[in-house]
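Hi everyone, thanks for coming.

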Amino acid sequence: QVQFVESGGGLVQAGGSLRLSCLASRSDFSGNAIGWYRQAPGKQRELVASISSGGSPTYIADSVKGRFTISRDNAERTVHLQMNSLKPEDTAVYYCNGLRFLSPWGQGTQVTVSS
């Protein structure tokens, strides 16, 4: 099964930007759609963006539309989430995983947006 390792999180002021990266353990991940998920403290994990195997975004949550962009590089086995105009409500642990075929959740990467 594919394992995912997330990185790029950190502390940023509202209005700032972060670029999250997800590295997949196997090259055959490229045949699958991938999503970025997030989970805020005390809240359910939610899908924020997804991308097809061919690199076409298939879902962007309304709450992040116009601010977040998902992309992938199959040769590098990476998926990225560019986050601009960050808001405090974006604070969460962000995870990368398959969309149709879920792997065990990794550690995620913490994003904290201060006012």
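Okay, a definition to begin with: two strands pair if DSSP finds at least two bridges between them. Strands themselves are DSSP runs of E, at least two residues long, and they're numbered from the N terminus. Also, keep in mind that this is a predicted model, where local features need pLDDT of at least 70, side-chain atom pairs count only at pLDDT 80 or more, and totals for chains, interfaces and linings use all residues. Residues are numbered from 1 along each chain as its sequence is written, and side-chain values use heavy atoms, with hydrogens and water left out.

Strands β7 and β8 (residues 78–83) run antiparallel, joined by six bridges. Take serine 71: its bridge partner in β8 is histidine 80. Zooming out, we have an open sheet of four strands, antiparallel in its pairing, in the order β1-β3-β8-β7. At the edges sit β1 (4–7) and β7 (68–73), each pairing on one side only. From one strand to the next, the twist averages 15° (axes are lines fitted to C-alpha atoms, and angles run from 0 to 180 degrees between N-to-C directions).

Cysteine 22 lies in strand β3 (residues 18–24) and cysteine 96 in strand β9 (residues 92–98), so the pair ties together parts 74 residues apart in sequence. The link is left-handed, with -80° about the S-S bond. And are these two cysteines buried or exposed? Both cysteine 22 and cysteine 96 are buried, meaning under 20% relative accessible area, with exposed being over 50% and partly exposed in between (1.4 Å probe, protein chains only).

Terms used. A disulfide is a pair of cysteine sulfur atoms within 2.5 Å.
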